[in-house]
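Take a look at the structure below. We will walk through it step by step, from single chains to the places where chains meet.

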There are 4 protein chains.
Amino acid sequence: MPDPVAVIGLGNMGLPIAANLLAAGFPLVVYNRTEERARPLVTKGAALARSPAEAGGRARIVFTMVADDLALDAVVGGERGLLAGLTPGGIHVGMSTVEPATSRRLADAHRAHGSHYVAAPVFGRPETAEQGKLYVIAAGPAAALEAARPALQVLSRGIAHVGDDPGQANLVKLTGNFLLLVMLEALGEAFAFVEKAGLDRLAVLDTLNGALFTSPVYHANGERMCRGAFRPAGFQMALGLKDVRLILRTADRLGVPMPAASLAHDHLLSAVARGNGDLDWTAVSEVLREAAGLTPAWARLGSPSAT
Amino acid sequence: MPDPVAVIGLGNMGLPIAANLLAAGFPLVVYNRTEERARPLVTKGAALARSPAEAGGRARIVFTMVADDLALDAVVGGERGLLAGLTPGGIHVGMSTVEPATSRRLADAHRAHGSHYVAAPVFGRPETAEQGKLYVIAAGPAAALEAARPALQVLSRGIAHVGDDPGQANLVKLTGNFLLLVMLEALGEAFAFVEKAGLDRLAVLDTLNGALFTSPVYHANGERMCRGAFRPAGFQMALGLKDVRLILRTADRLGVPMPAASLAHDHLLSAVARGNGDLDWTAVSEVLREAAGLTPAWARLGSPSAT
Amino acid sequence: MPDPVAVIGLGNMGLPIAANLLAAGFPLVVYNRTEERARPLVTKGAALARSPAEAGGRARIVFTMVADDLALDAVVGGERGLLAGLTPGGIHVGMSTVEPATSRRLADAHRAHGSHYVAAPVFGRPETAEQGKLYVIAAGPAAALEAARPALQVLSRGIAHVGDDPGQANLVKLTGNFLLLVMLEALGEAFAFVEKAGLDRLAVLDTLNGALFTSPVYHANGERMCRGAFRPAGFQMALGLKDVRLILRTADRLGVPMPAASLAHDHLLSAVARGNGDLDWTAVSEVLREAAGLTPAWARLGSPSAT
Amino acid sequence: MPDPVAVIGLGNMGLPIAANLLAAGFPLVVYNRTEERARPLVTKGAALARSPAEAGGRARIVFTMVADDLALDAVVGGERGLLAGLTPGGIHVGMSTVEPATSRRLADAHRAHGSHYVAAPVFGRPETAEQGKLYVIAAGPAAALEAARPALQVLSRGIAHVGDDPGQANLVKLTGNFLLLVMLEALGEAFAFVEKAGLDRLAVLDTLNGALFTSPVYHANGERMCRGAFRPAGFQMALGLKDVRLILRTADRLGVPMPAASLAHDHLLSAVARGNGDLDWTAVSEVLREAAGLTPAWARLGSPSAT
C-alpha cells in the first residue's frame with residue numbers, strides 16, 4: 001500500500017485532486033478551513049485532520065492547494081501550521097500559483113525544519129482536475145519530486161521538472177498564465193474588429209486557428225468568448241487579476257517591463273471594478289467589445305454592474 | 001490542358017508560386033517590373049509579358065503578388081495596367097496583403113470592366129510557398145474562386161472561402177497577422193522575463209507549448225527568437241510594420257481600439273527606426289530584451305544601428 | 001485703407017475670425033460652401049464670393065479655415081479653387097490643423113503658381129477666436145508672413161514664427177495638441193483615482209495646480225472635467241480624434257513611437273465609437289471613469305450611447 | 001522661544017530642512033542613521049539624538065524625512081523607535097512620500113499611543129528645500145497641523161491642508177507626482193517627434209509653453225531634457241520609479257486602471273534596468289529618443305549601461 005498523503009485546501013481544484021488520489025488507492029488525510037467541504041471525502045474513507053499540523057503529522061507527502069500567497073503562508077506557519085506537525089524528511093508539494101519569492105521563503109523554512117519543499121503549480125481548470133489531466137510544472141529537489149511523482153501522475157497528463165529551485169516552477173507557471181492572458185487580450189481585440197466588420201467571429205476563429213495555430217487552447221477560449229459562456233467560470237477574472245499582479249510584481253523586481261501584461265491587467269481590473277470578477281476570464285473580450293461601442297455581454301448576465 | 005494563368009510580381013513569394021504553377025503543368029505567363037527575375041521561369045517554358053496589360057490579355061486567370069496597396073493599384077490601373085488588357089470574364093486573384101478598402105475598390109473596377117476579382121491573401125513564408133503549402137484565405141464571387149481553385153490547390157495546403165466580398169479575405173488575413181504579432185510580442189516579453197530570472201528560454205517554451213498551446217507556430221517562432229536566427233528573414237520586420245499599419249488603419253475606420261496592435265506597432269517601428277527592418281519579425285524580442293537591460297542580438301548582427 | 005483680405009471657411013472658428021477682421025476695418029471677401037453662414041457678415045459690409053477662385057481674385061491675402069486636409073485640398077485645387085483665381089504674388093494663409101505633408105504640397109503648388117503659402121494654425125477655442133486672442137503658430141516665407149501680420153494681429157494675442165517651411169507650423173501645432181491631449185489623459189486618470197479614494201476632484205486640482213503647474217490650461221480643462229460641462233463643446237472629441245490621427249501618422253513617418261498618443265487615440269476613438277463625438281474632448285475623463293467602475297457622465301447627457 | 005523640534009532623516013531633503021529650522025531659531029534635535037551627516041548641524045547648535053526614541057523624547061514635534069515606507073516603519077517602531085520615546089500629546093509630521101495605507105497605519109499607532117500623526121509630504125527638489133520654498137501637502141488632525149505650522153512655514157512657500165485622514169495627503173502627493181511623470185513622458189515623446197522632424201526642441205518648448213501652458217514646471221523640466229542635464233539629479237529616476245510603484249499599487253487597490261502610469265513605469269524601469277537609476281527623472285526622454293532611433297544621452301554620460 002502506498003504511503004499516506006494529505007491534501008490541504010479543498011476548493012474547486014483541491015477537492016477533485018483529493019478525490020482522485022483517494023480513488024487511486026492512496027490513504028488520504030484531508031484538511032479544510034471549513035470542514036463541510038471535506039465531508040464527501042470522509043464518507044469515502046479519507047481521514048479528517050483538524051489542523052494543517054495534524055495533516056502534516058499523519059502523512060509523508062502533503063499537497064497544498066490554497067487561494068494565494070497569504071493563505072499558503074497561513075497554512076504553513078504558526079503553531080497549528082503544517083511545519084509544526086510535519087515529520088523531518090516529510091515533503092510539502094505546493095500546488096498554488098504564488099510568487100517565486102514565496103516558494104523560496106517556504107523552501108528555506110522547510111530546509112531549516114529538515115523537510116522538503118516542491119513547488120508544483122498546475123495548468124488546468126476544475127474539470128481538468130476531475131479528469132486527472134492537469135499539467136504539473138514542478139521544481140524542487142529531485143528526490144522529493146520522485147517521491148511525490150506516483151501521486152502527481154494520478155492527477156496529471158504531464159509533469160515537467162523545470163529546476164531545483166522551487167521558485168522556478170512558479171516563474172514558469174506565471175509565464176504560462178501571462179501567455180494565456182495575452183492570447184485572450186489578442187482574441188478579444190480581434191473579435192471586436194471582425195464583429196464590427198460584419199464577419200462571424202467563430203468562423204474567423206476556426207479559419208485562423210486552422211491556418212495558423214492549430215491549438216486547442218485558442219479554439220476553446222475563443223469559442224467560449226464567442227458564445228459568451230462566462231458563467232459558471234472555469235477560471236475567474238478575479239483570479240486572473242491576482243495572477244497578473246504576481247506577474248507584474250515579479251517582472252518589476254527582475255527589471256523587465258511587460259507592457260502587454262499591464263494592458264491585460266488594466267482590462268481585468270476594469271472588469272472586476274465593475275462587478276464582474278466572478279465571470280470567466282475570457283470575458284475580458286467584453287471590455288474590448290464595449291470599448292468598440294458594442295454592448296458587453298455582462299449587461300445581459302445580470303452582474304452588479306448592470307443594475 | 002488547363003487554361004493559361006499569369007503571375008504578376010515575382011518577389012520572394014511570387015517567384016516560387018509561379019514556379020509551382022509551371023511545374024504543375026499550367027501554361028504560364030509572367031510579368032515583373034525587373035525582367036531579370038523572370039529569366040529562370042522563361043528558361044523553363046513560361047511566356048514573358050512586357051506589361052500587366054499584356055499578361056492580362058494572354059491568360060484567363062491572373063495572380064498578383066506585389067508589395068503593397070500602392071503597387072497593386074499601379075499594376076491594375078493605367079494604360080499598361082492589368083485592366084487595360086484583361087478580357088471580359090477574366091479573373092484577377094489578388095494575393096497581396098492589402099487593406100480591405102483596396103480590395104473593394106478593385107472589385108468595383110473589375111465589375112465595371114466585366115471581369116472578376118478574388119482576394120486571396122496567403123499565410124506562409126517563402127519556404128512554405130516553395131513547398132506549395134501556403135494557406136489561402138479567399139473571398140469573392142464563388143464561381144470565380146472555383147475557376148481559380150485548381151491553380152490555388154497547387155500552391156496550398158488549405159483554402160478557406162470566407163465570403164463574397166473580397167475585402168473580407170483581407171480582413172481575415174489582417175486579423176491573422178494581428179494574432180501572430182501579439183503572439184510574438186507576448187513571447188518576446190515572456191522570454192525577457194525568464195531570461196532575467198535565469199531560466200533557459202527554449203526549455204520554458206517547450207514546457208509551456210507542451211502544456212498549453214501545442215502549436216507549431218508558437219514553437220517555430222519561439223525557437224527562432226531563442227536562437228536569434230533573424231537573418232535571412234522569413235518575414236521582414238518592415239513588412240510586419242506595413243501590416244500592422246493596415247490593421248490599425250482599418251480598426252480606426254471601424255471604431256475599434258486595438259491597444260495590443262499599437263504596442264506591437266511601436267516595437268516594430270522602433271526596430272525599423274534603428275535600422276533593423278530587414279531582420280525577421282521575430283526580432284521584436286530584441287526590442288523587449290533591450291528594454292529589460294539585456295544586449296539585443298542586433299548588436300551582434302552588424303545591422304546599421306550597431307555601427 | 002488696408003488691402004482687402006478674404007476668409008474661406010466660416011465654421012465655428014472661421015466666422016469669428018472673419019467678423020474680427022471686418023470690425024478692424026479690413027475690406028473683407030468671404031466664401032463658404034453654404035452661403036447662409038456668410039449672411040451676417042455680408043450685412044455688415046463683407047463681399048460674398050461664389051467660389052474660392054473668386055475670393056482669391058478679389059483679395060491679396062486669403063485665409064482658409066476648413067475642416068481637414070481633404071477640405072483644404074478641395075478648396076485650393078480644381079477649376080473653381082483658390083489657385084485658379086489667386087493673382088501671382090498673392091498670399092494664402094492656411095489656418096487649419098493639417099498634416100505637415102499637406103502644407104508642403106500646398107507650398108509647392110503656390111510656388112509653381114507664383115504665389116505664397118504660409119501655414120498659420122492656431123491655438124484657441126471659438127470663444128478665444130471671438131475675443132481675438134488666438135495664438136498663431138506660423139511658418140512660411142518671412143515676407144509673406146509680414147504682409148499677413150497686421151491681419152493676424154487682429155486675431156491673436158501672440159504670433160510665433162517657427163520656420164520657413166510651412167510644414168513646421170503644422171508640426172508644432174500637432175505637438176501642442178499632443179501635449180494637451182496627454183494632459184487630458186493624465187487629468188482623467190488622476191481624477192478617477194482621487195474620486196474613488198473619496199477626495200474632491202476640484203480641490204485636488206486646485207491644490208496641485210497651485211503647488212506645481214500654475215497653469216490656466218490645467219485649471220480650465222480640469223475644472224471642465226469636474227463639472228462635466230461637455231456640451232456645448234469647445235473642441236469636439238471627433239476633432240481631437242482627427243488631430244491625434246494626424247500626430248500618429250506623422251510620427252509613424254518620422255519613425256517615432258508615441259505610446260501616449262496611442263493611448264489617447266484609443267480613448268477618444270472609444271468615446272466616438274459610442275456616439276459621443278460631439279462632446280468636448282475633456283470628456284475623455286468619462287472613458288477613464290467608466291473603466292474604473294464609475295458611471296460616465298454621458299449616460300446623463302442623453303447621447304446616443306445611453307439609449 | 002519656540003518648542004524644540006526634531007528632524008529624523010538627514011538625506012538630501014532632510015538636511016536642508018533641518019538647517020532651515022535651526023537658522024529660523026527653533027531649538028533642534030536631529031537623528032540620522034549615520035551620524036556623520038548630522039555633524040554640520042551639531043556644530044551650529046543642534047542636539048544629537050542617538051535613536052529615534054531619544055529624538056522623540058526631547059521634542060514635541062518630530063519631522064521624519066526618510067527614503068520609503070519600510071524606512072518610515074523602521075524609524076517609528078521597535079524599542080529604539082520614535083513611538084517608544086515620544087511623549088503623549090507629541091506630534092509626528094511624516095514628510096516622506098509613502099503609500100496612503102502606511103500613513104493610516106501610523107495614524108492608528110499614534111492614536112493608540114496618545115500622540116498625533118500628520119502626513120506632510122512635500123513638492124520640491126533639494127534646492128527648493130534649501131530655499132525654504134517647498135510646497136507642503138498636509139493631512140491629519142487640524143490642531144496637530146496648527147502646532148506644526150510655524151515650523152512648516154519656515155520650510156515652504158505654501159501649505160495645503162487636504163483632509164483629516166493623513167492618507168489623503170499621500171494620495172494627493174502621489175497624484176501630483178503622477179501628473180508630473182505623465183508630463184515628462186509627454187515632453188519626452190514630443191521632443192523625439194520634433195527632433196526627428198528637424199526642429200529645435202527648446203524653441204518648440206518655449207513656443208508651446210508660451211502659447212498654452214505658461215507653466216514654469218513645463219519650462220524647467222523641458223529645458224533640462226533638452227540640455228541633457230541629468231547629473232547631478234534633482235530627483236532620481238530610481239525614486240520616480242519608487243513613486244510610480246506606489247501610485248500603481250494604490251490605484252490597483254482602488255480599482256482604477258491607470259495606463260499612463262503603467263507607460264511611465266515601464267520607461268523608468270527600463271532606464272533603471274539599464275543602469276541609469278541615478279540620473280534625473282527627466283532622462284526618461286532618453287528612453288523615448290532611443291526608441292526613435294536617436295542616441296540616448298546616457299551613452300555620453302558614462303553610466304554603466306554604456307560600457
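The buried residues of helix α14 in chain D are D:V284, D:S285, D:E286, D:V287, D:L288, D:R289, D:E290 and D:A291. Keep in mind that this is a predicted model. What does that list tell us about the helix? α14(D) spans residues 284-291, and eight of its eight residues are buried, so the helix is largely enclosed by the rest of the structure. Now step past its end. D:G293 follows α14(D), and its phi is positive, near 90 degrees.

Chain A has a helix α14 too, again at residues 284-291. Is that helix mostly covered or mostly exposed? It is mostly covered, with eight of its eight residues buried. They are A:V284, A:S285, A:E286, A:V287, A:L288, A:R289, A:E290 and A:A291. Just after α14(A) comes A:G293, with a positive phi of about 90 degrees.

Stay with chain A and look at its domains. The domain assignment gives domain 1 as 5-164 and domain 2 as 170-306. Over C-alpha atoms, the centres of these two domains of chain A are separated by 29 Å. Where they touch, twelve residues of domain 1 are in contact with twelve residues of domain 2. On the domain 1 side, seven of the residues are nonpolar, two are polar and three are charged.

Next, pick out a single residue. A:V118 sits in strand β6 of chain A, which covers residues 116-119. Is A:V118 buried or exposed? A residue is called buried when 20 or more other C-beta atoms lie within 10 Å of its own. A:V118 has 30 C-beta neighbours inside 10 Å, so it counts as buried. Which residues does A:V118 touch, leaving aside those up to four places away in sequence? They are A:I91, A:V93, A:A138, A:G140, A:A144, A:L145, A:A148 and A:P166. A:A197 gives another view of the chain. A:A197 is 79 residues from A:V118 along the chain, and their C-alpha atoms are separated by 50 Å.

Compare that with a residue of chain C. C:P232 is found in the loop between α11 (216-227) and α12 (237-254) of chain C. Residues with 12 or fewer neighbours are called exposed. C:P232 has 11 C-beta neighbours inside 10 Å, so it counts as exposed. Now find C:D280. C:P232 and C:D280 are 48 residues apart along the chain, yet their C-alpha atoms are separated by 7.0 Å.

Strands β8(D) and β9(D) run parallel, and six bridges join them. One pairing involves D:Y135, whose bridge partner in β9(D) is D:G158.

How do chains D and C relate as copies? Chain D can be laid on chain C by a turn of 180 degrees and a shift of 0.0 Å along the axis, with an RMSD of 0.0 Å. In chain D, the C-alpha nearest this axis belongs to D:S215, 2.6 Å away. Both copies use the same surface: 100% of the contact residues of chain D recur in chain C.

Chains A and C meet as well. Their contact takes six residues from chain A and six residues from chain C. The chain A side divides into three nonpolar, two polar and one charged. Chain A can be laid on chain C by a turn of 180 degrees, with a shift of 0.0 Å along the axis and an RMSD of 0.0 Å. The two copies are thus related as by a two-fold rotation axis. In chain A, the C-alpha nearest the axis is that of A:A291, 4.7 Å from it. A:A291 is also one of the buried residues of α14(A). Finally, 100% of the interface residues of chain A are also interface residues in chain C, so these copies meet through the same surface.

Technical notes
Residues numbered from 1 in each chain as written. Chains lettered and ligands numbered in written order. Predicted model: local features only at pLDDT ≥ 70, side-chain atom pairs only at ≥ 80, totals over all residues. Helix = DSSP H or I, 4+ residues; strand = E, 2+ residues; numbered from the N terminus. Least-squares fit on C-alpha atoms with pLDDT ≥ 70 in both. Contact = placed C-beta atoms within 7 Å. Domains from an automatic or database assignment. Nonpolar A, V, L, I, M, F, W, Y, C, P; charged D, E, K, R; others polar. Pairing = 2+ DSSP bridges.
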